[in-house]
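Hi,

Here is the structure I promised to pass on. Have a look at it first, and my notes follow below.

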Amino acid sequence: LDTAYKAGVTYYDTAYFYHQHTGEAFLGRAMKRYPRDTFYLATKMPMSIVESLDHAKEIFEGQLAALQTDYVDFYLLHGVNGERWKQAQEMGIVDFLLEMQKAGRIRYFGFSFHGSYEEFETILTARDWDFCQIQFNYMDQEIQAGMRGYALAEKLGVPIIVMEPVKGGLLADPPQAVRAILDEAFEGQSYATIALRFAASVPGVFCTLSGMNELTQVEDNCHAFESFQPMNETELAAIKKAQEIMEKSGTVQCTGCDYCAKVCPQGIGISGSIEALNYYINFDDPY
């Protein structure tokens, strides 16, 4: 966090579920050392577990306490689809959060999305949103909201936050055939940087998120935006070739979010199994 802050990162995203419910409290402690008006905090209402309006109010108050702040800059309904959007309306959670916005406890109100394009269209057009957050990268253009969802948000003037720009790390470790194409077109750039630049080059995207597991990843991602330039036509052509090869490679297009594993009745570590399979496909290495 110190490295990111000193490099100029201003947007810090967390959620009720992250790191076994400790993410918000950690971020609150860490960022307390910096002037509050020098960064943005984002967190989310965990719609998958909310049981009532009173429960939502309790969660919200706990989040602000954990973050050690009087307000959240960007507050989202977390991982909504058609069913959870209906739930948020019927329980009065949307109205409650709008009240919190009027009271100055939320600056911008939006949602993160995991569902079909049709559900996305219903939610996005239901009201005037301050922003939306969608999964978007150079491979994920036909799933969830996808490119159609992006186009709709752009048409309606709803700013976009991109999540999974590196597709759970898969695009940071692409197949050898893809590496050859990217190495030629993006000399000296890491594969993660290339993926981040693609997402950030799309008009209407005002923030590109990236989950980082170690300091070297933080440094690499910060470097990607030190002197940011949108992709040119030659670079986009290389991305298109990479897309075509990735689609034919046989790799499983998994982001590692583990939402499926959370409801697996057999308790299978699904994303880890897929990661091992993809490594075998990419590098022909069974070990």
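**Q141 and its surroundings**

Leaving out residues up to four places away in sequence, Q141 touches F136, G146, M147, F198 and Q243 (contact means heavy atoms within 4.5 Å). Q141 is found in the loop between β5 and α8; helices (H or I, at least four residues) and strands (E, at least two) are DSSP runs, numbered from the N terminus. Q141 is buried, at a relative accessible area of 15%. Buried means under 20% relative accessible area, exposed over 50%, and partly exposed in between (1.4 Å probe, protein chains only).

Before you read on, a word on where this comes from. It is a predicted model, in which local features need pLDDT of at least 70 and side-chain atom pairs count only at pLDDT 80 or more, while totals for chains, interfaces and linings use all residues. Residues are numbered from 1 along each chain as its sequence is written, and side-chain values use heavy atoms, with hydrogens and water left out.

Which residues of helix α8 are buried? In this helix, residues 146-156, they are G146, G149, Y150, L152 and A153. Looking down the axis of α8, you will find these buried residues within an arc of 160°, so they line one face of the helix (the arc is that of the directions from the helix axis to the C-beta atoms). As a reminder, an α-helix has 3.6 residues a turn, so residues three or four places apart point the same way.

The cover over the buried residues of α8 includes α7 (117-124), β5 (131-135) and β6 (160-163).

I134 sits in strand β5 and is buried, with a relative accessible area of 2%. Apart from neighbours within four places in sequence, I134 is in contact with F120, A145, Y150, I160, I161, V162 and M163. I134 and N221 are 87 residues apart in sequence, and their C-alpha atoms are 19 Å apart in space.

**Two positive phi values outside glycine**

H19 is not a glycine, yet has a positive phi, near 55°. H19 is in helix α2 (residues 18-21) and is exposed, with a relative accessible area of 60%.

E164 is not a glycine either, and its phi is positive at about 55°. You will find E164 in the loop between β6 and α9 (176-185), where E164 counts as partly exposed at 23% relative accessibility.

**The whole protein**

How many helices and strands does the protein have? There are 14 helices and 7 strands. The radius of gyration is 19 Å, close to the 19 Å that the globule rule gives for 287 residues, so the protein is as compact as a globular protein of that length. That radius is taken over C-alpha atoms, and the globule rule is 2.2 Å times the number of residues to the power 0.38. Along the principal axes, the C-alpha atoms fill a box of roughly 55 × 45 × 40 Å.

Of the 287 residues, 45% count as buried. Among contacts between residues at least 6 apart in sequence, 75% join residues at least 24 apart.

Cheers
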